[in-house]
Amino acid sequence: MLKEIQIVLCFFFVCVFVILYEFSLQPVCVFSRKPIAKPFLTEEDVMNQSRSVIFVETTDRLQPPPLVACSVESAARIYPDRPVVFFMKGLKNNTRLDSNSTSSASSLLSAMKNVFLFPLQMESLFQGTPLLPWYHKVNAAQEKHWVHIISDASRLALLWKYGGIYMDTDVISIRPIPVAKFLAAQASQFSSNGILGFPHHHWFIWDCMEDFVENYNGGIWGNQGPMLMTRRLRALCTLTDFHNVEDLSCQNISFLHPQRFYPIAYEGWRQYYEIWETSPDFSNSYALHLWNFMNQEHKPVVAGSNTLVENLFKTHCPTTYKALILGTEGLDVHLHQNKTE
């Protein structure tokens, strides 16, 4: 009887060992397409150290297009030790995203362990800032550029409240930004507001919010965005032209060279959707702004096209590429190319 028990126990432990060994061989994937169960965390819990990377969606859509998903994923990969926070206007506290669909962008983003999706609630966000009285007074229905204006306001309030790095949702991150307080030059003596970083409650952001309200003119595109940043910089310093690829500094705020984020200027945005004989390494860049606002033709990322944007997706947001670009049809193209090569 004792011998039989020993045999059973021995068999049991062998089975346990085999199971544990097989499990140990499974890769730990930060970017699994299966949703990850995360503990219930508030914005304050996630963003309390001024280290977040922030994205904003000011329309009501809940399924971001591929470029938006790529922007978020690339940031999550470049900044694995930082929370990457995506604020979505259409997301309500009781909204249930489609977690069963492994092909949806929302499911893809939710599956990334350092990505967090929160509702964008303007009323509470603007509390305690100069933007709240303006928000109560403005008539959004009469504003031609409202989606962009409210996005300009939201990024300022979020940086004031939490600090961190703000990025537009058409920015693909390719390497870490080495400074904490910065503005991104779109050209010499002209700042963008598509990428910027500041610690929370920084005086420059407060000044920007005051300027936003005092000089508000919704009829001029960019007046509350790039033009505002440029106005504030010029009020502080005499802006000069860039020389070589050297950054400037103004009142301890880094003014980063256009090559850092805009190596392809807005006039040349179509180059991202073209085939390059030699792929650029963008060695002087931290991220790439793809000028989606200029893409009124709605040029897509096409699987198998070998365009610059397709190769950027493959390299910097491979999960998005596989899930949203390849899909079923794209996967067939990809397999066919591999057979013929």
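This is a predicted model: local features need pLDDT of at least 70, side-chain atom pairs count only at pLDDT 80 or more; totals for chains, interfaces and linings use all residues.
**Helix packing**

Two packed helices are described by the angle between their axes and the distance between the axes.

| Helix pair | Angle between axes | Distance between axes | Source |
|---|---|---|---|
| α7 and α8 | about 150° | 9 Å | |
| α8 and α9 | about 120° | 10 Å | |

Let's take α7 and α8. With their axes at about 150°, and since angles over 145 degrees count as roughly antiparallel, α7 is therefore roughly antiparallel to α8. Their crossing is left-handed. On the α7 side, the contact is made by Ile149, Asp152, Ala153, Leu156, Ala157, Leu159 and Trp160, and these meet Ile205, Trp206, Cys208, Met209 and Phe212 of α8. Sort the residues of this contact by class and you get 11 nonpolar, no polar and 1 charged.

Now for the other partner of α8. Helix α8 covers residues 203–214, while α9 covers residues 226–236. At an angle of about 120°, α8 and α9 are oblique to each other, and α8 passes α9 in a right-handed crossing. From α8, the contact uses Trp203, Phe204, Asp207, Cys208, Asp211 and Phe212; from α9 come Leu228, Met229, Arg231, Arg232, Leu233 and Leu236. In this contact there are 8 nonpolar and 4 charged residues, with no polar ones.

**The largest pocket**

Rolling a probe the size of a water molecule over the atoms shows where empty space is left. In this model, the largest pocket holds about 1300 Å³ of space. Which residues lie nearest its centre? They are His148, Asp170, Trp291, Asn292 and Phe293, out of 50 residues that line the pocket.

As for where the lining comes from, at least two residues each are supplied by β1 (53–57), α3 (66–78), α7 (146–162), β4 (164–167), β7 (190–198) and α9. Helix α7 gives the most, with 6 residues. So what is the lining like by class? It has 24 nonpolar, 19 polar and 7 charged residues.

Definitions and conventions: Residues are numbered from 1 along each chain as its sequence is written. Side-chain values use heavy atoms; hydrogens and water are left out. Axes are lines fitted to C-alpha atoms, for helices over the stretch in contact, and angles run from 0 to 180 degrees between N-to-C directions. Helices (H or I, at least four residues) and strands (E, at least two) are DSSP runs, numbered from the N terminus. Angles under 35 degrees count as roughly parallel, over 145 as roughly antiparallel, 65 to 115 as roughly perpendicular and the rest as oblique. A crossing is left-handed if the near helix is turned anticlockwise from the far one by less than a right angle, and right-handed if clockwise. Contact means heavy atoms within 4.5 Å. Ala, Val, Leu, Ile, Met, Phe, Trp, Tyr, Cys and Pro count as nonpolar, Asp, Glu, Lys and Arg as charged, and the others, Gly among them, as polar. On a 1 Å grid over the protein atoms alone, a cavity is a set of points where a 1.4 Å probe fits but cannot get out, and a pocket is an open set with protein on both sides within 12 Å along at least five of seven lines; lining residues have an atom within 4 Å of a point. Grid points are joined across faces, edges and corners, and a volume is the space filled by probe spheres set on the points.
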